[in-house]
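Reader: I have a model open and want to learn how to read it. Please take me through it step by step.

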Amino acid sequence: MTRTPSTMLGLGTAAPGFRLPAVSLLDGTAGGKEVALDDFAAAPALLVAFICNHCPFVQHVAGELAALSRDLPARGVAMVAIQSNDVAAYPADAPDAMAAEAARQGWAFPYLHDETQAVAQAYRAACTPDFFLFDGRRRLVYRGQLDASRPGNGLPVTGADLRAAVDAVLEGRPAAEDQRPSLGCNIKWKPGNEPDYG
């Protein structure tokens with residue numbers, strides 16, 4: 001199991017645009033339509049999560065992802081998840097499997113397929129899970145870990161770090177400056193697509 005940390009994209013970065021096909025939607029129904037960054041323009045904050053189906057780090061926090069997919073929209077915060085792995089090499093992450101996994105886990109967010117991997121590269125996403133929280137102006141205010149729990153370290157999954165950042169945005173406060181990288185499986189890049197994040 002490769003343990004890859006977040007690149008920690010610079011705070012204040014504008015949210016890169018995207019328009020991707022959804023394999024499942026906010027209400028848990030099957031996808032089939034495209035979802036774009038601009039679709040969330042009215043939300044006071046937006047969480048973009050890079051996840052996949054097979055990664056043990058994602059499986060470890062799957063229940064909290066489901067909780068966030070219920071809790072954040074109730075507070076007006078938009079949430080979207082993106083799967084960028086090479087599905088030819090990792091068919092467990094293919095769109096049909098994504099839809100099945102979203103239904104199994106109760107993920108009530110749009111789950112999008114980044115087939116070209118261009119969106120992951122634009123966000124400098126490196127691992128699954130990798131989290132990016134943007135404020136109402138779509139400037140990055142938090143990136144990194146959900147919380148300190150990792151598979152095997154015995155700490156409970158609470159979402160504490162990310163939830164605290166959401167609270168700060170909604171209350172008009174800066175998020176904590178001490179932000180820790182997420183840690184997870186590396187994104188499975190297609191041959192020739194491996195980014196040099198330098």
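Author: We go from fold to surface to salt bridges. This is a predicted model: local features need pLDDT of at least 70, side-chain atom pairs count only at pLDDT 80 or more, and totals for chains, interfaces and linings use all residues. Residues are numbered from 1 along each chain as its sequence is written, and side-chain values use heavy atoms, with hydrogens and water left out.

Reader: How many helices and strands are there?

Author: Both are DSSP runs, numbered from the N terminus: helices are H or I of at least four residues, strands are E of at least two. The protein has 4 helices and 10 strands. Their order along the sequence is β-β-β-β-α-β-α-β-α-β-β-β-α-β.

Reader: What does the radius of gyration say about the protein?

Author: The radius is taken over C-alpha atoms, and the globule rule is 2.2 Å times the number of residues to the power 0.38. For 198 residues, a compact globule would come near 16 Å; the protein has 15 Å, which agrees. The C-alpha trace spans about 45 × 35 × 30 Å along its principal axes.

Reader: What share of contacts joins residues at least 24 apart?

Author: A contact means heavy atoms within 4.5 Å. Among contacts between residues at least 6 apart in sequence, the share is 77%.

Reader: What percentage of the residues is buried?

Author: Buried means under 20% relative accessible area, exposed over 50%, partly exposed in between (1.4 Å probe, protein chains only). Here 52% of the 198 residues are buried.

Reader: How many salt bridges are there?

Author: A salt bridge puts a side-chain nitrogen of Lys or Arg within 4 Å of a carboxyl oxygen of Asp or Glu. The count is 7. One of them pairs Arg-163 with Glu-64 at 2.6 Å, N to O. Arg-163 lies in helix α4 (residues 160-170) and Glu-64 in helix α1 (residues 56-74), so the pair ties together parts 99 residues apart in sequence. Arg-163 is partly exposed at 24%, while Glu-64 is buried at 11%.

Reader: Where do Glu-115 and Lys-190 lie?

Author: Their side chains meet in a salt bridge, 2.6 Å from N to O. Glu-115 sits in the loop between β6 (111-113) and α3 (118-122), and Lys-190 in the segment after β10 (183-186), so this pair ties together parts 75 residues apart in sequence. Glu-115 is partly exposed at 44%, and Lys-190 is partly exposed at 21%.

Reader: Is Asp-178 buried or exposed?

Author: Asp-178 forms a salt bridge with Arg-180 (3.1 Å, N to O). Asp-178 is exposed at 53%. Shared partners also join Glu-64, Asp-71 and Arg-163 into one salt-bridge network.
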